[in-house]
Amino acid sequence: MSTDVPASLPTGLLLAYSQFVGTPPHPGPARLELLSRQGGEWHTDTIEDPDSNVFHKALVYTPPGGAPGILTLGGTRAFVKLWHHGPTGWTSETVWTEDFGGTVSRMRDAEIANLYGDGPAIAVATHDQGVVATIRAQAGGGWSVTRLDSRPNTIVHEIEIGDLDHDGALEIYATPSDPNDLDGGHQHGEVVRYVPTQPGSRTVVADLGDRHAKEIYVGDVDGDGTDELYVAVEALTSGSGADVRIIEPVEIRRYDANTPADAHVVIATIRDRLTRFLTVGDVDGDGHREMVAAAFSTGLWLLRPGRDAHGEWAIENIDRESGGFEHSALFADLDGDHRDELYVAADTQHELRRYAWDATGHPRRSVIRTLPADSTLMTWNITTFPVSMLH
C-alpha cells in the first residue's frame, strides 16, 4: 500500500482564501487557488475577485445544458459567481448578489444537489440576516433565487444536504446562531431542516441551548444505508487570549431522523475551543468510513464508528502538530486507488499537507506546499475539481 504521491493526478484541489495585503495589512481581493499535480510537480492557477475580500467556498457546478465551472461564495460584499476558463483566462458570471441589510453581507456556504427534481440546485447560507436560499438556473437564461428563511441578526455558517428520514426527498440542514462572541461565551445556536419541495417546512432538529455549531456533516457514516446528522458543538469558555478556560469542551453529537431536538448522542469529546471541519472517507479501502475532526489547536482526530448508534466512537489523535482557526480539511481520493487521502490546510504551521494511510494502518504525512512564516492567507475551505477544466 503505497503512500507516495503519483507524478500526475486527474483531480486537483480548490483552496478558498482571504488574504491581507499592504502595510499596514488590510483585506485584499478574495483569492482562489486551483492546485493540480502534473509531471511530478504541483502547479497553481489563481482567481482573484476585487468584488469580495474572502472566498468562503468554491466548488464545481454544471448548470443544466451548460459547461462545468467553478462556483464561488464571496463576502463581505456578498457574491455567488460562476467562473469559466477560456483562451484569455478566467471570466465570471454573477449568479446572485445582495446587500442583506445587516452589518455584513456574506455568502458563507453552499452545497449542490437535485433538490427539486429538475436538475442541480444550489443551497446557500448567508450572514448576517439569517437568509437561507436556493438558486436554480432558468431554461431561458438567468437565475432564480428562492428564500427559504430570513432571520434578523442571525448568522448561518454551514449547509449540508441529505435524507435522514429515508423518504427519497432531499433535506437541507443549516446552522443559524446568534452573532459571534469571540470570547467564547454563551451563543445560542440550532440546526434546522428545510424540505425545499415543501414550503414552510422549517424544523429545528437540534437545539444547542447556550452553545452553537459552525460545522455539521450529513451522510451515512456508519454504513447502515441511512444518513445521519453530526454536529460539532463549539466549546463554552471563559476569559480571553492566553487566559481562556474551557468550561465545556467541543462535542461531536449525532442525530438520527427520530432524535428529539433537545436530545442527542455524543460520539466524541475534544478538549479544544473550536472544531470547524468534519470530513468523512475510507482511509484503508475496506468499505468502512472514518471521520476526521480538525480542531483549532489540538490537532487532527480520527473517529471510527462504534458498534451501535448510541455509543461513543473510537477516537485517536493522528497529528497534534496541526492547527488553524478554520483548519480546513478534506478526505478525497485524488489518485483513484479507492482509498481516501486526507488534505489539510495547517495554517498555524503554514503548510498544506497530505496524509495517506500505509499498510500498517498509520497515516503518513507529506507536505504539498510551505508558505512563508509571514503569510497573510487564511484557508476557509478545500474542495476538488477535475484538472481537465484547466485545458
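Predicted model: local features only at pLDDT ≥ 70, side-chain atom pairs only at ≥ 80, totals over all residues.

Reply: Two strands are said to pair if DSSP finds at least two bridges between them.

Strand 9 has a partner in strand 6 (residues 69–76), to which 2 bridges join it, the two running antiparallel; within strand 9, Arg106 stands opposite Gly75. Strand 9 also pairs with strand 10 (residues 121–127), again in the antiparallel sense and over 7 bridges, and here Ile112 has Ile122 of strand 10 opposite it. In a regular strand, side chains alternate between the two faces of the sheet.

Across the protein, 52% of the 391 residues count as buried.

The setting for this strand is a protein whose secondary structure comes to 31 strands and 0 helices. Its radius of gyration is 20 Å, which agrees with the value near 21 Å that a compact globule of 391 residues would have, and the C-alpha atoms fill a box of roughly 55 × 50 × 50 Å along the principal axes. Among contacts between residues at least 6 apart in sequence, 48% join residues at least 24 apart. Carbon and sulfur atoms account for 48% of an accessible surface of about 16100 Å², while the charged side chains number 30 positive and 59 negative, with the centres of the two sets 3 Å apart.

Methods: Residues numbered from 1 in each chain as written. Heavy atoms only, no water. Helix = DSSP H or I, 4+ residues; strand = E, 2+ residues; numbered from the N terminus. Rg over C-alpha atoms; globule rule 2.2 N^0.38 Å. Buried < 20%, exposed > 50% of the residue type's maximum accessible area, 1.4 Å probe, protein only. Contact = heavy atoms within 4.5 Å. Areas by Shrake-Rupley, 256 points an atom, 1.4 Å probe, with all protein chains shown as cover. Lys, Arg positive; Asp, Glu negative; His and termini not counted. Charge placed at Lys NZ, Arg CZ, Asp CG, Glu CD.
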